[in-house]
Amino acid sequence: MSELLNVLLIEDSEDDALLVIRKLKQAKFTLNWQRVQTETDLTHSLKTSKWDVIIADYQLPGFDAPTALKVVQQLKIDTPFIVISGTIGEAAAVEMMRTGAQDYLMKDNLTRLPEAIKRELRDVQVRKERLQANIRLKQHLTAFEAAIDGIAILQSGTFIYSNHSYLQLFGFDYADELAGKSWRCLYSPEMVQRFESEVFPQLGIELAWQGEAIATRKNGSTFVQEISLTLAEDGVMVAVCRDISKRKQDEVHLKQLNAELLRSNQELGQFAYVASHDLQEPLRKILSFTELLASRYQGQLDEQADRYIGYITDGATRMQGLISDLLSYSRVGQVDLKVQETNLESILEQVKTDLETIITNSNAIISNDDLPIVTADPTQLRQLLQNLLSNAIKYCQVDIPQVHVRASQADEVWTISVQDNGIGIDPQFSDRIFIIFQRLHHRDEYSGTGIGLAICKKIVERHGGQIWVDSQEGQGSTFSFTLPISCEIEARPLSINLRG
Ligand code: ADP
């Protein structure tokens with residue numbers, strides 16, 4: 001069955017109307033039709049229903065086809081308007097066509113009517129599609145004009161379109177200034193040569209290219225441009241670009257800052273190393289002469305003098321300890337990392353041997369899961385584990401310290417954890433304890449200087465990992481650190497972090 005055709009007939013004669021209808025039915029149209037005879041009825045019909053075609057008698061009593069056409073046009077309805085008449089003269093017919101009717105036919109020869117309708121329906125469809133395409137084109141143009149990036153379309157190397165951002169980028173005020181010009185006017189001869197010898201051959205193969213170029217503005221100044229080129233059909237090329245001069249400058253600035261930071265960190269590390277090393281000597285002198293003073297004059301001076309000598313010895317000894325810790329800390333950053341495949345299990349065994357006396361004296365039980373081969377500096381890894389294990393034993397609250405070492409792997413990193421059943425740490429101090437010389441207890445409670453975890457942090461960070469603690473006061477602690485599985489260690493800035 002054919003599609004339903006909605007026909008509005010403007011006709012005073014019912015017979016003539018039926019004649020038209022019969023003709024259309026013969027042509028196998030399935031019809032929905034209505035007949036009107038006055039302007040009011042026509043207006044009502046147009047407003048209330050949708051018609052595929054309007055077929056109008058030229059002359060009706062008190063109404064005619066030209067007036068009907070005006071009504072249709074005023075309502076802005078795009079429906080084919082075909083005039084049928086027994087009397088229409090050539091001049092009137094031409095006038096009807098001129099004012100917008102699609103066709104006219106003589107009543108006594110309606111043979112052409114079905115074909116005329118089919119043709120008009122096709123034309124309506126084409127007009128609709130064209131309208132849709134125009135709407136889409138306008139939307140795309142609006143989007144192009146609103147784009148922050150510069151967009152240009154070139155045909156055989158010359159500009160046929162450039163959006164507002166593109167013009168702004170190159171310092172032009174109007175699209176006309178670029179239209180019809182070659183892309184070469186925006187680049188130096190060297191850049192043109194590079195495009196022609198390197199970029200376009202690749203663009204020809206891959207149909208798209210992205211990269212950076214030095215572009216020249218209308219006033220001759222230049223800027224670094226990030227540009228993407230896409231080759232469409234028929235020699236059409238789309239260029240999208242943006243100014244990245246500022247980003248480039250920032251990158252250079254950042255590199256300079258990093259180099260500066262690296263240098264000053266190295267200097268600081270060296271300073272700490274040299275200072276702590278050199279301070280040892282005068283301190284040793286103070287200590288030995290104070291000892292001499294004490295041994296020679298103990299009991300010969302008054303009690304207060306003896307006490308003062310005691311204070312000096314005590315202070316100097318503590319200072320010696322601090323300086324030696326500082327030296328160990330800066331040494332960790334000064335030595336080159338000798339990263340290699342390292343068996344964590346054998347490192348743990350070595351650490352247990354190193355700590356044998358403490359382990360035996362404290363009855364500590366050290367256990368572990370299977371431990372992996374990791375990529376790390378074995379000496380530093382040993383020091384790291386030693387610090388964590390000795391703390392786990394030292395900060396105990398029960399008779400038998402229990403320490404367990406485990407490792408897990410996820411997202412290209414190993415996480416190694418040392419868990420104890422000790423005194424635990426209030427979470428508010430979980431960052432502070434990794435800062436050099438920061439302690440949570442007085443020396444009388446637990447011995448130490450507060451350097452161990454700072455050294456651990458430095459070792460872990462030099463390996464590209466992180467260290468942290470999970471703990472609650474009175475509930476034991478778990479110190480964990482990560483090591484990248486494929487450890488490409490870079491020369492990290494050597495730093496001495498006195499404030500964390
Ligand atoms: P030190 O042990 O010489 O004080 P560290 O840098 O090794 O220095 O530790 C800093 C502080 O962190 C310690 O003073 C202690 O308060 C806390 N701490 C470290 N390890 C543990 C642990 N396993 N359990 C509880 N507290 C700990």
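On a 1 Å grid over the protein atoms alone, a cavity is a set of points where a 1.4 Å probe fits but cannot get out, whereas a pocket is an open set with protein on both sides within 12 Å along at least five of seven lines; lining residues have an atom within 4 Å of a point. Grid points are joined across faces, edges and corners, and a volume is the space filled by probe spheres set on the points. With that in hand, the structure holds three cavities of 30 Å³ or more.

This is a predicted model, in which local features need pLDDT of at least 70 and side-chain atom pairs count only at pLDDT 80 or more, while totals for chains, interfaces and linings use all residues. Residues are numbered from 1 along each chain as its sequence is written, and side-chain values use heavy atoms, with hydrogens and water left out.

| Space | Volume | Lining classes |
|---|---|---|
| Largest pocket | about 560 Å³ | 11 nonpolar, 16 polar, five charged |
| Second largest pocket | about 390 Å³ | seven nonpolar, three polar, six charged |
| Largest cavity | about 90 Å³ | 11 nonpolar, no polar, no charged |
| Second largest cavity | about 40 Å³ | seven nonpolar, no polar, three charged |

Let us begin with the cavities. Around the largest cavity stand L154, F159, Y166, W183, Y187, F195, F200, I227, L229, M237 and A239. Helix and strand names here follow DSSP runs (H or I of at least four residues for helices, E of at least two for strands), numbered from the N terminus. At least two lining residues of the largest cavity come from each of α7 (189-206), β11 (222-231) and β12 (236-243). The second largest cavity has a lining that includes the charged residues E11, D16 and D57. There, β1 (4-10), α1 (14-26) and β3 (53-57) each give at least two residues.

The largest pocket takes up about 560 Å³, and among its 32 lining residues N391, K394, Y395, I433 and L453 are the closest to its centre. Two or more lining residues are supplied by each of α12 (378-394), α13 (452-462) and β19 (477-484), and α12 gives the most, with six. The second largest pocket has a volume of about 390 Å³; of its 16 lining residues, K50, D78, T79, V124 and K128 are the closest to the centre. Helix α5 (residues 113-146) provides the largest share of that lining, seven residues.

Strand β19 also belongs to an open sheet of five strands with mixed pairing, in the order β14-β16-β17-β19-β18. At the edges, β14 (365-368) and β18 (467-471) each have a single partner strand, so one side of each is left without a neighbour in the sheet. From one strand to the next, the twist averages 20°. Within the sheet, strand β17 (residues 413-420) pairs with β19 in the antiparallel sense over seven bridges, where pairing takes at least two DSSP bridges. I416 stands opposite F481 in β19.

Finally, a helix pair: the axes of α8 (residues 245-297) and α9 (residues 303-334) come within 8 Å and cross at roughly 155°. That makes α8 roughly antiparallel to α9, the term used for angles over 145 degrees. These axes are lines fitted to C-alpha atoms over the stretch in contact, with angles from 0 to 180 degrees between N-to-C directions. The residues of this contact divide into 16 nonpolar, 13 polar and three charged.

How values were computed:
Parallel < 35°, antiparallel > 145°, perpendicular 65-115°, else oblique.
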